[in-house]
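Please look at the sequence and the structure shown here before reading on.

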Amino acid sequence: MHSWSTSYQQLRLFFDGMLCMMAFYAFFSFLQHRKAIYWQYALYIFCMMITFYLDDIDYQRADYKPGANFAVSFIESLAFLLYIRFAILLIEIPKLDPFSYKLLRWMSVILCVQLAIDVLFLLSDVPDNIKTSNYILFRAVLAIGALVVVPRILKLHQAAIAYFIAGSFFFVIGCLTALSVNYIPIIFTKNPDNPFSYPVTYMQFGVILEVLCFTLGMSVKNRQNEKEMILAQAQLIEQLQENEKKQSALRRIRDDISRDLHDELGADLSGISAMSHAALRQFKNQEAVTAHTIKTIGETSRKVVTRMREIIWSLNSTHDSVGNFSFRIKETAYALLEHQPIELNMQLPAEEIDLYIPNDCRRNLFLVYKEILHNVVRHSQAQNVKIDLFVSNDNINLVVKDDGVGFAGETIKNSGNGLLNLRQRTAAFGGKLSIDSYPGRGTTISVLCPIEDNIISV
């Protein structure tokens, strides 16, 4: 039959094995999830194991007194600091109970103060009785703080709280029992044949039950987090679907407005233009004023029709692509330069590049382009104009180059509303406007429209 001494050693080995297993489980969980709570939990367990080992050595001393060993007090206090941090992360105390969070931070400060005092005692060679009294005093203050925090934590509705409270209960009972045994001579005999004559047995058993409860608590916490993530993903998918429905509804509204403008106003304005032509023929022998007025009516109506077509084009969702934009670029250039002594050269994107352009970006870029062409016709006196439109590096690039008279840099800085409007419209879609010109050498205007966040594949 084996002696109690052997049984005690086996019991300690069994307890240490369980704690090591839990510590390694926490460490590998940290490697997998990368959450601070796991490595702090693992370090807490290792600190407690070292404390138990040092306590066993202390028990061999005839003049043993709790708290007199600086190494034991230091590592135990470090374990308590990790314990407090673990509680904060597990229960999310800063968000759920700010008062308890402040109290726990003060408890951490108290532990740091005790460590500082222990260092002073170590350097000053203070008697062990004073060290023991200091140790018991600070541990009592921490126990009072725990008695204030625990009831408040119980009121919080968290799945992991029950496991944390149960684990804390086992830990406190084990610590109080171990501390009490030190002052009960009939139990604290340090008899190698009786494992329960050593206080560390009670404390380590309490820590093992605590670790088991905490592990279950973290498992419940992880399961709750997974459910919240699944719920958040479901809500996100629902929101995306709702946004898609809203986008579809907006596109339908745009198409309806475009169709109504074309069918109703377009027909009426075209009729006005036709009637003005007829009236002009009828009154061609009348006074010049009447003819001029009627001619003005016709010109104005034609301008309105042109503007209306541009509005219809900008509203219609079927035109929200680089291909349709390129076609509009070409159509506008030929219309403006048709009766001008200017040779046109255009380089447009390949037909297979079909990207979606948001309405605001497309409209403003087109207005910038149109304003540039008007400036070429009115001011450049150019014989050749080259227009390049291409997509590169998540940008739409528009380059208009002419061989006209050009202008100096100071003219660019002191220009009127024309270039100012170009800059404002370019800024509206987050683009960049670059003007390169020199007297007698023509002008090159480059417009860069970012498409990384604004354009998606059709």
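## Helices α6 and α7

Helix α6 passes helix α7 in a left-handed crossing, where left-handed means that the near helix is turned anticlockwise from the far one by less than a right angle, and right-handed that it is turned clockwise. Helix α6 covers residues 128–154 and helix α7 covers residues 161–181, and the two pack at an angle of about 155 degrees with their axes 12 Å apart. Axes here are lines fitted to C-alpha atoms, for helices over the stretch in contact, and angles run from 0 to 180 degrees between N-to-C directions. The pair α6 and α7 is therefore roughly antiparallel, on a scale that counts angles under 35 degrees as roughly parallel, over 145 as roughly antiparallel, 65 to 115 as roughly perpendicular and the rest as oblique.

On the α6 side, Y135, V150, I153 and L154 meet I161, F164, I165 and L179 of α7, a contact being heavy atoms within 4.5 Å. By class, the residues of this contact of α6 with α7 are eight nonpolar, no polar and no charged; Ala, Val, Leu, Ile, Met, Phe, Trp, Tyr, Cys and Pro count as nonpolar, Asp, Glu, Lys and Arg as charged, and the others, Gly among them, as polar.

## Basis of the model

The model is a predicted one, in which local features need pLDDT of at least 70 and side-chain atom pairs count only at pLDDT 80 or more, while totals for chains, interfaces and linings use all residues. Residues are numbered from 1 along each chain as its sequence is written, and side-chain values use heavy atoms, with hydrogens and water left out.

## The chain as a whole

The protein chain has 13 helices and five strands, which are DSSP runs numbered from the N terminus (helices H or I, at least four residues; strands E, at least two). Of its 458 residues, 41% are buried, where buried means under 20% relative accessible area, exposed over 50% and partly exposed in between, with a 1.4 Å probe and protein chains only. Among contacts between residues at least 6 apart in sequence, 72% join residues at least 24 apart.

## Two further helix pairs

Helix α2 (residues 36–58) and helix α3 (residues 70–91) have axes that come within 8 Å and cross at roughly 155 degrees. They are therefore roughly antiparallel to each other, and the crossing of α2 and α3 is left-handed. The contact of α2 with α3 has 19 nonpolar, two polar and four charged residues.

Helix α10 (residues 322–337) and helix α11 (residues 359–380) come within 11 Å, axis to axis, and cross at roughly 20 degrees. These two helices, α10 and α11, are therefore roughly parallel, and their crossing is right-handed. The contact of α10 with α11 has 10 nonpolar, two polar and two charged residues.

## Individual residues

W106 lies in helix α5, which covers residues 98–124, and W106 counts as exposed at 59% relative accessibility. W106 and G145 are 39 residues apart in sequence, yet 9.1 Å apart in space, C-alpha to C-alpha.

Most residues other than glycine have a negative phi. D125, in the loop between α5 and α6, is not a glycine but has a positive phi of about 55 degrees, and D125 counts as exposed at 66% relative accessibility. Q381, in the loop between α11 and β2 (384–392), also has a positive phi of about 55 degrees although it is not a glycine, and Q381 is exposed, with a relative accessible area of 65%.
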